[in-house]
Amino acid sequence: MVSVLALALDQVTKAFAVERLQGRASIEIIPHVLSLSFLRNPGAAFSTGTGFTVVLSIIAIVVCIAVIRVASRLRDRGWAIGLGLLLSGALGNLSDRLFREPSPFKGHVVDFIDYGSFVGNVADIALTAAAAIIIWRTWRGISIDGTHQEKP
């Protein structure tokens with residue numbers, strides 16, 4: 001359910017960005033902190049890896065398959081939320097790479113949430129939250145099946 005909601009929010013907000021922000025000046029929400037600025041990103045975070053869009057697409061596909069395979073063993077709500085956010089973030093940006101210009105597997109990701117030092121999207125927020133949750137659950141020694149691992 002988390003995946004479906006986060007993916008839907010990502011796609012709706014990207015459609016809004018393409019429709020309302022493309023070709024327009026930035027809209028300042030919180031001065032010098034947060035604005036809406038349209039950008040097509042050919043790479044990964046911070047526009048790194050712009051020449052590796054195909055590789056990034058393949059990695060996202062592998063991540064999605066891995067999360068779906070693990071899903072049947074999930075018994076911990078925190079892990080379920082974290083992996084759901086990971087799946088939605090990977091699918092959100094993968095869909096851009098597959099279906100947006102310039103071509104399949106080389107499509108540019110729609111970014112529009114401008115934090116001042118970088119521009120991202122809802123899928124990026126989901127990926128960041130997923131990483132935080134997964135690190136937290138791992139640090140606490142909680143497995144995907146809900147069991148607690150002993151710390152050394």
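This is a predicted model: local features need pLDDT of at least 70, side-chain atom pairs count only at pLDDT 80 or more; totals for chains, interfaces and linings use all residues.
Ile113 is buried, because its relative accessibility is 12% and buried means under 20% relative accessible area, exposed over 50%, and partly exposed in between (1.4 Å probe, protein chains only). Ile113 is part of strand E3.

Residues are numbered from 1 along each chain as its sequence is written, and side-chain values use heavy atoms, with hydrogens and water left out.

## The overall layout

The protein contains four helices and four strands. Read from the N terminus, the order of elements is α-β-β-α-α-β-β-α. Helices (H or I, at least four residues) and strands (E, at least two) are DSSP runs, numbered from the N terminus. Taken along the principal axes, a box of roughly 55 × 35 × 30 Å holds the C-alpha atoms. Of the 152 residues in the protein, 36% are buried.

Helix H3 covers residues 77–99, which is 23 residues. From first C-alpha to last it reaches 32 Å, close to the 33 Å expected at 1.5 Å a residue; the expected span is 1.5 Å times one less than the number of residues.

Which element gives the largest share of the largest nonpolar core? That core has 11 residues in all, including Cys64, Trp79, Leu87 and Ile144. H2 and H3 each supply at least two residues of this core, and the largest share, four residues, comes from H3. A nonpolar core here is a set of buried Ala, Val, Leu, Ile, Met, Phe, Trp, Tyr and Cys residues joined through side-chain atoms within 4.5 Å.

## The second largest pocket

The second largest pocket holds about 170 Å³ of space. Its lining is made of 13 residues, and Ser3, Leu74, Ala80, Leu83 and Gly84 lie nearest its centre. Helix H1 (2–20), helix H2 (53–71) and H3 each give two or more residues to this lining, and H3 gives the most, with five residues. A pocket is an open set of points on a 1 Å grid over the protein atoms alone, where a 1.4 Å probe fits, with protein on both sides within 12 Å along at least five of seven lines; lining residues have an atom within 4 Å of a point.

By class, the lining has 11 nonpolar, two polar and no charged residues. Ala, Val, Leu, Ile, Met, Phe, Trp, Tyr, Cys and Pro count as nonpolar, Asp, Glu, Lys and Arg as charged, and the others, Gly among them, as polar.

## Backbone details in the loops

Most residues other than glycine have a negative phi, and most peptide bonds are trans. Where does the chain have a cis peptide bond? The bond from Glu101 to Pro102 is cis, with omega near 15°, and Pro102 sits in the loop between H3 and strand E3 (109–114).

His32, which is not a glycine, has a positive phi of about 65°. His32 is in the loop between strand E1 (27–30) and E2, and is exposed, with a relative accessible area of 77%. Phe105 also has a positive phi, near 70°. Phe105 lies in the loop between H3 and E3 and is partly exposed at a relative accessible area of 32%.

## Pairs separated along the chain

Arg40 lies in strand E2 (residues 34–41) and is partly exposed at 31% relative accessibility. Gln22 is in the loop between H1 and E1 and is partly exposed at 36% relative accessibility.

| Pair | Apart in sequence | C-alpha to C-alpha |
|---|---|---|
| Arg40 and Asp111 | 71 residues | 6.1 Å |
| Gln22 and Val110 | 88 residues | 9.8 Å |
| Phe112 and Gln11 | 101 residues | 12 Å |

How values were computed
Grid points are joined across faces, edges and corners, and a volume is the space filled by probe spheres set on the points.
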